[in-house]
Amino acid sequence: RCKDLSVSFWNSYWMLPSDVCGMNCFWEAAFRYNYMKTHPSEKMHLAVVACGERLEETVTMLRSAIIFSIKPLQFHIFAEDQLHKSFKDILDDFPYEGKVNYTLYPITFPTESAAEWKKLFKPCASQRLFLPLILKNVDSLLYVDTDILFLRPVDDIWSFLGKFNSTQIAAMAPEHEEPRIGWYNRFARHPYYGVTGINSGVMLMNMTRIRRKYFKNDMTAVRLQWGEILMPLLKKYKLNITWGDQDLLNIMFFHNPESLYVFPCQWNYRPDHCIYGSNCKEAEEEGIFILHGNRGVYHDDKQPTFRAVYEAIKNYSFGDDMVRSLLQPLELELQKTMHTYCGRVYKVFIKQLAKSIRDFYARRSRG
């Protein structure tokens with residue numbers, strides 16, 4: 001894995017420190033650079049589903065995506081009707097500098113089972129399952145939960161699409177790194193992917209491949225397409241699933257493991273990675289790339305380290321000096337959380353953020 005290099009692979013020159021990383025690091029970084037160089041005008045599509053009291057959280061997530069991203073962004077925002085005006089008023093006031101567009105959509109489920117899908121797990125959460133069927137003209141998509149924060153450009157996770165082999169259709173991170181605290185391997189009453197299952201809070205999808213694929217399953221010898229398999233899965237496992245749509249995705253990729261690309265934990269870093277002691281080695285080495293504040297940790301005092309990052313990005317004003325207005329105040333707040341397990345490793349929360357800020361100003365200085 002790459003160390004914290006002073007390297008901008010989005011440009012045509014290299015500045016390597018004396019402690020040069022190994023060849024695996026070199027080729028991984030070079031791949032990302034080449035992918036972005038050969039896809040310069042590609043628009044990145046990002047989708048989110050917001051219901052209930054998730055307006056502020058969703059807007060903060062979108063802000064984090066805008067701050068560092070390089071290529072144009074297209075937001076697909078699925079929200080309850082009463083939230084549409086608030087989203088529009090806020091997003092229309094953002095200084096996009098021409099690199100962001102958004103579309104608002106209503107929450108929609110198949111007519112014959114809408115009520116059942118809407119109440120599965122959290123309100124509207126299962127909407128994500130139907131994105132390949134709704135966004136028929138979108139080739140690839142990054143879906144994220146509302147409680148996601150990007151600490152490096154969206155471009156970097158988007159570039160994983162170019163690393164998919166011929167059978168892979170989606171990418172997610174493991175649910176746990178440490179099986180001793182894993183939920184699926186200890187409690188699940190249904191099939192799940194791999195050793196500890198997968199977390200669907202950050203899900204990169206080649207939706208063209210998803211729409212074309214016929215999935216193996218344990219309901220029929222006949223393979224079924226995406227739109228055909230969802231309701232039969234729900235009917236079979238309804239009484240056995242705890243985490244709703246994420247459980248259904250685990251079942252699906254258990255039977256089709258060749259279809260999933262698994263990315264490391266720092267691309268979906270959650271409280272479970274530090275509240276029992278640090279167990280995401282990649283984050284320890286490189287920092288957190290995408291922060292996932294599940295369990296409501298942005299809004300209570302149980303995990304002040306997560307809340308500090310959320311508040312810093314929420315309160316940052318576009319155009320302000322990011323070192324003085326974002327990074328330095330955040331580090332001071334994080335130092336106050338060292339009485340917690342996550343606070344003891346607070347440097348992993350700012351390591352990548354600091355690099356993203358350096359890279360941002362390096363790109364801007366070169367025009």
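Contact is taken here to mean heavy atoms within 4.5 Å. In this predicted model, Asn-256 touches Lys-213, Phe-215 and Lys-216 when residues up to four places away in sequence are not counted. Asn-256 itself lies in the loop between helix 10 (245-255) and strand 8 (260-262), and it counts as buried because its relative accessibility is 0%, where the limit for burial is under 20%.

Buried residues account for 57% of the 367 residues, and the chain exposes about 16100 Å², of which carbon and sulfur atoms supply 52%. Among contacts between residues at least 6 apart in sequence, 72% join residues at least 24 apart.

The count of salt bridges comes to 19. One of them is formed by Lys-71 and Asp-155, whose closest N and O atoms are 3.5 Å apart. Here too distant parts of the chain are linked, with Lys-71 in the loop between helix 2 and strand 2 (73-79) and Asp-155 in helix 6 (residues 154-158), 84 residues apart. Both Lys-71 and Asp-155 are buried. A further salt bridge joins the side chains of Glu-333 and Lys-336 at 3.0 Å, N to O; of these two residues, Glu-333 is partly exposed, with a relative accessible area of 38%, while Lys-336 is exposed, with a relative accessible area of 56%.

The packing of helix 2 (residues 55-68) against helix 12 (residues 304-315) was also examined, and the two helices pack at an angle of about 75 degrees, with their axes 9 Å apart. Helix 2 is therefore roughly perpendicular to helix 12, given that angles of 65 to 115 degrees are assigned to that class. The contact is made by Glu-56, Glu-57, Thr-60, Arg-63, Ser-64 and Ile-67 of helix 2, together with Tyr-310, Ile-313, Lys-314 and Asn-315 of helix 12. By class, this contact of helix 2 with helix 12 has three nonpolar, three polar and four charged residues. Glu-56 and Lys-314, which take part in the contact between the helices, also belong to a network of salt bridges that links Glu-56, Asp-301, Arg-307, Glu-311 and Lys-314.

Finally, Lys-88 is found in helix 3 (residues 84-91) and, with a relative accessibility of 44%, counts as partly exposed. When residues up to four places away in sequence are not counted, Lys-88 touches Tyr-102 and Leu-104. The C-alpha atoms of Lys-88 and Leu-104, which are 16 residues apart along the chain, are separated by 8.3 Å.

Conventions: Residues are numbered from 1 along each chain as its sequence is written. This is a predicted model: local features need pLDDT of at least 70, side-chain atom pairs count only at pLDDT 80 or more; totals for chains, interfaces and linings use all residues. Side-chain values use heavy atoms; hydrogens and water are left out. Helices (H or I, at least four residues) and strands (E, at least two) are DSSP runs, numbered from the N terminus. Buried means under 20% relative accessible area, exposed over 50%, partly exposed in between (1.4 Å probe, protein chains only). Axes are lines fitted to C-alpha atoms, for helices over the stretch in contact, and angles run from 0 to 180 degrees between N-to-C directions. Angles under 35 degrees count as roughly parallel, over 145 as roughly antiparallel, 65 to 115 as roughly perpendicular and the rest as oblique. Ala, Val, Leu, Ile, Met, Phe, Trp, Tyr, Cys and Pro count as nonpolar, Asp, Glu, Lys and Arg as charged, and the others, Gly among them, as polar. A salt bridge is a side-chain nitrogen of Lys or Arg within 4 Å of a carboxyl oxygen of Asp or Glu. Accessible areas come from the Shrake-Rupley method with a 1.4 Å probe; for residues, only the protein chains shown count as cover.
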